[in-house]
Amino acid sequence: MNDPLRLTVLGTGYLGTTHAACMASLGFDVLGVDTDARKVDQLNAGQLPIYEPGLRELHSGLGSGRLAFTTSYPQAAAFGDVHFICAGTPPQPGSHHADLSQVHGCIAALAPLLDRRCLVAGKSTVPVGTARRLAAELAEACRGVELAWNPEFLRESSAVADALTPDRIVAGVMSPWAEEVLRQVYARSIAADLACELVNGDLAEVPVCVLGAAFKPGSDDVRDSPALDVAQILHGMGARVTVYDPAALANARGACPELGYAATPTEAAREAHVVLLLTEWPEFAELTPGDLGTVVEHRNIVDGRNVLDPTLWRAAGWNFRSLGAAPAASLSTRFGGGRSAKDRGEVGSL
Ligand SMILES: NC(=O)c1ccc[n+]([C@@H]2O[C@H](COP(=O)([O-])OP(=O)(O)OC[C@H]3O[C@@H](n4cnc5c(N)ncnc54)[C@H](O)[C@@H]3O)[C@@H](O)[C@H]2O)c1
């Protein structure tokens with residue numbers, strides 16, 4: 001598996017185009033696959049076959065090379081660590097039953113080409129029992145490949161917002177490994193979403209403190225850094241983002257000049273309405289609720305790396321959210337917090 005994961009999106013219609021562009025904007029390398037060569041040519045030329053508010057901006061902002069489209073399944077099989085099935089499931093003519101031939105077509109084309117560990121995650125809407133049958137088919141066709149089902153809830157006309165800050169993520173998995181892989185995929189959109197929740201849904205002009213810019217502690221490398229991707233998403237949502245990192249400030253400033261930067265954690269947190277801890281530097285694990293409590297405007301914190309003690313921070317009056325590490329033995333657990341008090345992300349067995 002690559003780190004960060006490389007994603008393919010099989011079927012680039014309404015759902016697939018949106019999912020592919022949103023995942024690329026979150027920092028993943030994404031390859032969209034469609035059997036319709038004309039659509040693939042259009043997408044590679046930067047033309048969108050659908051209208052969806054915000055999608056054009058996302059798509060045209062992807063000069064970074066993170067997003068491409070192909071008709072080639074061999075290319076997709078070689079590229080992807082996670083393959084999302086986004087093919088259509090229209091009603092069969094004269095019946096209310098779903099026509100699953102496009103979904104079967106994806107599995108039939110992909111399965112014989114897979115020769116390394118990877119996850120196939122269905123997003124298409126399918127009848128009960130379909131995923132279980134496809135999982136058995138896939139397991140027989142190729143070793144080391146697992147199926148998960150991760151149904152999509154985005155709505156046309158708010159699809160980009162729904163995909164970037166989903167109000168729920170549901171996944172049926174067959175192993176803790178598959179759960180962990182999907183957690184890695186969605187962690188970036190959930191750290192942004194929790195921040196939104198803590199400021200009651202509106203980040204416009206809200207001061208936000210981001211602790212961490214390097215892609216991992218002990219490094220000044222910001223390439224493919226989830227922390228910087230999240231900071232950019234929050235900036236894109238209108239927040240006034242100030243970043244602190246012990247080693248990567250210069251590189252971060254070069255890569256993202258539109259963000260604000262500070263020389264210390266407390267300077268970054270001054271007047272912040274929410275603090276996000278996004279790289280697990282040891283010095284962040286040593287922060288106490290009092291260190292930041294006196295300088296922030298509101299005591300809201302998202303621990304994106306699960307390094308702080310929630311009990312300690314809550315006792316000091318902080319609203320504390322984390323991505324909620326899964327108990328290893330449990331496949332029925334939350335992905336994280338949510339906009340509402342209800343569970344927002346759930347993982348269960350297929
Ligand atoms: N559109 C929505 O708002 C929405 C929301 C939630 C869930 N869904 C579900 O997502 C699924 C896809 O919906 P959609 O609206 O994007 O459908 P769509 O018809 O717009 O797109 C399907 C795409 O899959 C391609 N395709 C067909 N067979 C293929 C194959 N073997 N390999 C690769 N590509 C293939 C088609 O050419 C087409 O571009 C459906 O199950 C739908 O119920 C859609």
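**A parallel sheet, its packing helices and the ligand shell**

In the predicted model, L211 has L277 of β11 as its bridge partner. This pair lies in the context of strands β8 (residues 207-211) and β11 (residues 274-277), which are paired in the parallel sense over four bridges. Both strands belong to an open sheet of six strands, ordered β10-β9-β8-β11-β12-β13 and paired in parallel. The edges of this sheet are formed by β10 (260-261) and β13 (319-322); each has a single partner strand, so one side of each is left without a neighbour in the sheet.

Two helices were examined for their packing on the sheet. Helix α8 (residues 176-198) touches β8, β11, β12 (300-303) and β13, and its direction makes about 165° with that of β12. Helix α9 (residues 226-236) also packs on the sheet, where its contacts are with β8, β9 (240-244) and β11; the angle between the directions of α9 and β9 is about 160°.

Of the eleven residues of α9, nine are buried, so the helix is largely enclosed by the rest of the structure. The buried positions are P226, A227, L228, D229, V230, A231, Q232, I233 and L234. These residues pack against the helices α7 (159-164), α8 and α10 (249-255), and against the strands β8, β9 and β11. Just after α9, a positive phi of about 100° is found at G238.

The ligand is surrounded by 25 residues, the closest of which are G11, G13, G88, G105 and S124. Two elements, α1 (14-25) and α5 (101-110), each give two or more residues to this shell, and α5 supplies the largest share, with four residues. Classified by residue type, the shell comprises nine nonpolar, eleven polar and five charged residues.

At the level of the whole protein, the secondary structure amounts to 14 helices and 15 strands. The radius of gyration is 20 Å, close to the 20 Å that the globule rule gives for 350 residues, so the protein is as compact as a globular protein of that length. Along the principal axes, the C-alpha atoms fill a box of roughly 65 × 45 × 35 Å. Buried residues account for 47% of the 350 residues. Of the contacts between residues at least 6 apart in sequence, 69% join residues at least 24 apart.

Conventions: Residues are numbered from 1 along each chain as its sequence is written. This is a predicted model: local features need pLDDT of at least 70, side-chain atom pairs count only at pLDDT 80 or more; totals for chains, interfaces and linings use all residues. The radius of gyration is taken over C-alpha atoms; the globule rule is 2.2 Å times the number of residues to the power 0.38. A residue is buried if 20 or more other C-beta atoms lie within 10 Å of its own, exposed if 12 or fewer, and partly exposed in between; C-beta atoms are placed from the backbone. Two residues are in contact if their C-beta atoms, placed from the backbone, lie within 7 Å. A residue is near a molecule or strand if its C-beta atom, placed from the backbone, lies within 6 Å of it. Ala, Val, Leu, Ile, Met, Phe, Trp, Tyr, Cys and Pro count as nonpolar, Asp, Glu, Lys and Arg as charged, and the others, Gly among them, as polar. Two strands pair if DSSP finds at least two bridges between them. Axes are lines fitted to C-alpha atoms, for helices over the stretch in contact, and angles run from 0 to 180 degrees between N-to-C directions.
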